[in-house]
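These are my notes from going through one structure. I wrote down what I looked up and what came back.

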Amino acid sequence: MKALIIGGGGFVGKYLAEHLMQDRGWETVVTKLPKETVSVDGCEIYNLDILDQDAVEALLIRLRPDVIFHLAAQSSVAYSWKNPQLTVDINIHGSLNVLEAIRAIEDYQPKVLLIGSGEEYGVLPKGLSLVSETTPVQPGNPYAITKAAQNLFGTLYAKSYDMDITMVRAFNHIGPGQAPQFVVSDFCKQAAEIAAGMREPVMRVGNLSAVRDFTDVRDVMRAYSLLALHGKAGETYNVGSGRAISIQEILERIIRLSGAAITVEVDPAKLRPVEVPVIQADIAKLQADTGWMPEIPLEQTIRETLDYWRSTAEN
Ligand code: A2R
Ligand code: GDD
């Protein structure tokens with residue numbers, strides 16, 4: 001099996017490449033942006049900007065992968081409020097370029113995984129706490145709108161052109177190496193720097209009342225490869241833990257694990273114009289079709305993320 005990871009220069013790309021090569025034994029090729037560096041042993045690497053459809057098509061003709069994992073995105077909800085145009089360009093226009101490039105190649109039918117988001121669901125209808133794939137989407141921010149659009153295009157292309165596309169709605173995934181603009185990484189970095197005496201003992205936070213569904217990135221990678229093997233064409237799958245936890249609780253765990261005396265201050269710049277209060281995945285469909293179960297406890301992921309930032313703070 002030959003796999004191509006598009007947008008592999010980010011957080012998930014490295015974990016996915018390692019998983020596909022080491023756990024699955026698949027030949028794996030990664031694309032990244034020219035400014036990025038990717039170092040995964042044994043992996044072929046190409047520069048690719050998904051806004052250039054000709055370049056996407058040329059690479060696909062050259063490689064003809066059996067499976068394509070489309071990760072490339074503007075992935076920050078917070079930044080999507082600041083630059084909705086760029087978010088639309090990359091997440092909608094860029095994804096369409098990938099789909100159109102595949103369609104333009106004769107006799108080519110790869111499995112495609114389009115990575116969307118649990119954010120697509122937005123504010124839940126009253127009385128509902130878990131979201132399943134049939135829950136109507138009501139995206140509550142620009143990022144979520146772009147991922148909902150990507151999902152609609154994927155569904156449409158699978159049905160209209162008989163393409164083997166499976167859509168994923170990934171809920172919050174975390175782990176060592178994630179950029180510090182995301183909450184667990186952000187809090188762990190601040191805690192590690194406070195413990196190392198590099199900053200005053202004040203943790204700057206955003207909205208602590210939000211409730212989210214967190215999964216270790218390594219568990220999420222297993223779900224992606226299982227979906228590449230068993231996910232149905234034209235179908236959407238939630239990938240999350242099925243458990244929800246408040247950001248307040250996450251903060252308390254990180255402070256406790258850091259062992260430092262830390263006070264907490266809300267930073268108004270970290271509050272978003274609108275916040276979806278609760279996002280929690282119903283993962284019954286994923287489990288029924290793939291047998292996947294999350295394995296890594298949240299406490300372990302937080303500890304390892306804190307250790308990652310501790311070692312960075314020491315160097
Ligand atoms: O935005 P950058 O400079 O960090 O680069 C991101 C890259 N990317 C692109 N790749 C090709 N052509 C483009 N025009 C383009 N624009 C951005 O996609 C980054 O290296 C990668 C996405 O990685 P992360 O932002 O680290 O996201 P992560 O956590 O790896 O999530 C993977 C997927 C995304 O579709 C998320 O929206 C979803 O999972 O949750
Ligand atoms: N980043 C950040 N920093 N978030 C904070 C903070 C803070 O100081 N304080 C509270 N939060 C809250 C945010 O308001 C949000 O409700 C929650 O923590 C998680 O925020 P992020 O970690 O920034 O992630 P996200 O939920 O906006 O988006 C991530 O998960 C999505 C899937 O649910 C990203 O990885 C997306 O790409 C992904 O689709």
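Before the entries, a term: helices are DSSP runs of H or I with at least four residues, numbered from the N terminus. I also note that this is a predicted model.

**Entry: Thr305**

I looked up Thr305 and found that residue in helix 10, which covers residues 298-314. Is Thr305 buried or exposed? The relative accessible area of Thr305 is 1%, so Thr305 is buried. I then asked which residues Thr305 touches, leaving aside those up to four places away in sequence. The list came back as Gly175, Pro176, Val184, Ser185 and Cys188.

**Entry: aromatic pairs**

How many aromatic pairs does a search of the whole structure find? The search gives 5. I wrote out two of them.

One is Phe11 with Tyr15, an edge-to-face pair with 5.6 Å from centre to centre and 75° between the planes. I checked where the two sit: both belong to helix 1 (residues 11-23), and because they are 4 residues apart there, about one helical turn separates Phe11 from Tyr15. Phe11 and Tyr15 are both buried.

The other pair is Tyr157 with Tyr161. Their ring centres are 4.9 Å apart and their planes stand at 90°; planes over 60 degrees apart count as edge-to-face, so this pair is edge-to-face. Tyr157 and Tyr161 lie in helix 5 (residues 142-161), and since they are 4 residues apart, the separation is about one helical turn. I looked up the exposure of each. Tyr157 has a relative accessible area of 7%, so Tyr157 is buried. Tyr161 is at 37% relative accessibility and therefore counts as partly exposed.

**Entry: charges over rings**

I looked for charged side chains over the rings noted above. Lys14 lies over the face of Tyr15, 5.2 Å from the ring centre. Over the ring of Tyr161 sits the charged end of Arg103, at 3.9 Å from the centre.

**Entry: helix 4 against helix 5**

I next looked up how helix 4 (residues 84-104) packs with helix 5. Their axes are 9 Å apart and the packing angle is about 15°. Angles under 35 degrees count as roughly parallel, and therefore helix 4 and helix 5 are roughly parallel to each other. Their crossing is right-handed. From helix 4, the residues making the contact include Val88, Ile92, Leu96, Leu99 and Arg103. From helix 5, they include Ala149, Phe153, Gly154, Tyr157 and Tyr161.

**Entry: positive phi**

Arg64 has a phi of about 40°. I found Arg64 in the loop between helix 2 (53-63) and strand 4 (67-70). At 37% relative accessibility, Arg64 counts as partly exposed.

The other is Asp162, with phi near 55°. Where is Asp162 found? Asp162 is in the loop between helix 5 and strand 6 (164-170). The relative accessible area of Asp162 is 58%, so Asp162 is exposed.

Terms used:
Residues numbered from 1 in each chain as written. Chains lettered and ligands numbered in written order. Predicted model: local features only at pLDDT ≥ 70, side-chain atom pairs only at ≥ 80, totals over all residues. Heavy atoms only, no water. Phe/Tyr/Trp six-rings, centres within 6.5 Å; stacked < 30°, edge-to-face > 60°. Buried < 20%, exposed > 50% of the residue type's maximum accessible area, 1.4 Å probe, protein only. Lys NZ or Arg CZ within 6 Å of the ring centre and 35° of its normal. Axes fitted to C-alpha atoms, helices over the stretch in contact; angles between N-to-C directions. Parallel < 35°, antiparallel > 145°, perpendicular 65-115°, else oblique. Left-handed = near helix turned anticlockwise from the far one by under 90°. Contact = heavy atoms within 4.5 Å.
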